[in-house]
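Student: I would like to learn how to read a structure like this one, step by step. Could we look at it together?

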Amino acid sequence: MNYNILKIDIADKIAVVTIDRPEALNALNSEFFKEMDDIIANISADKDVRVMIITGMGKAFVAGADIAEMIDMTPEQGTSFSKLGQNVFRSLEKMEIPVIAAINGFALGGGLELAMGCDFRIASSKAKFGQPEVNLGMIPGYAGTQRLSRLVGLADALYMLTTGEMIGAQDALRIGLVQKVVEPEQLMDEIKKIAGTIASKGPTAVRKVKYVTRKGILSTFDEGCDLESEYFGSQFKAEGEVGMRAFLEKRKPDW
Ligand code: CAA
């Protein structure tokens, strides 16, 4: 499939997906969701890809859902547009491989919701973050009300959601919204380095650790521990044997 909005580049087991609609600050429209859905399916089917990175072209990561597309929607269409975004971002969480947001600039509204659908976030020092929907008389629609409070806690989430204020990268780091801040020109190199580190690890172990951790946070502690034991056991006589034997023989594992 040819994509209009998304560009995809696969090298060294890492897929970089770039949202390339800078004239609208990469605002998310229906076409974006169709293309992203397709890319998630294609990358999930490619067992050589071990990490996916999502970034934006130009001065924005994503400045939100496309206001020009939303303006004429009926309440029913609005609800469907919300479900569409929620489902696609949930699919990112459900991908077996880790997905990293490379936040190069504005991550607002639906853009921050996209970033929060990724497994973790690395930001340029120039990035700005916000849930400005209340400025428009709206509320978030792509699970921002649910993920933000889970990531940063209720009070910081409600501060951002009710004031609509933008915060800078250092404040985002302080509240745990992003995991690392780097200079803009180093952003992609740094993220590719992190992705390369992940790609060098036991590929099944990485997939399983994401699954068990994500499943666990939606389960009780005891259910999560049961799942962990089961998946821990399943790595023996498989990739785990390769990794442990390599350690004891003082060499790198050949996964
Ligand atoms: N939707 C559609 N178009 C957008 C957009 C959006 N979310 N954000 C920016 N654009 C467009 C602008 O309309 C403008 O287009 P024109 O050149 O055709 O006029 C172009 O992108 C450049 O934007 P600005 O001229 O505004 O750039 P700026 O540097 O002066 O300001 C900004 C940057 C502060 C990010 C400003 O663009 C802005 O406030 N954008 C809207 C942010 C927002 O409210 N996001 C939430 C959307 S609602 C949502 O996301 C709901 C949800 O959860 C599902």
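Student: How many residue pairs are in polar contact between domain 1 and domain 2?

Tutor: A polar contact is a pair of N or O atoms within 3.5 Å; within protein, one must be able to donate a hydrogen and the other to accept it, and residues adjacent in sequence count only if both atoms are side-chain atoms. Between domain 1 and domain 2 there are nine such residue pairs, both residues being at pLDDT 80 or more. Please keep in mind that this is a predicted model, in which local features need pLDDT of at least 70 and side-chain atom pairs count only at pLDDT 80 or more, while totals for chains, interfaces and linings use all residues. Residues are numbered from 1 along each chain as its sequence is written, and side-chain values use heavy atoms, with hydrogens and water left out.

Student: How many salt bridges cross the interface of domain 1 and domain 2?

Tutor: A salt bridge is a side-chain nitrogen of Lys or Arg within 4 Å of a carboxyl oxygen of Asp or Glu. The rule finds four across this interface, while the structure holds 14. Arg214 pairs with Glu93 in a salt bridge, with the closest N and O atoms 3.4 Å apart.

Student: Which residues are closest to the ligand?

Tutor: A residue is near a molecule if one of its heavy atoms lies within 4 Å of it. The ligand is surrounded by 23 residues, the closest being Lys59, Ala65, Gly110, Glu113 and Glu133. A polar side-chain atom of Glu113 is 2.6 Å from an oxygen atom of the ligand, and a polar backbone atom of Gly110 is 2.9 Å from a ligand oxygen atom.
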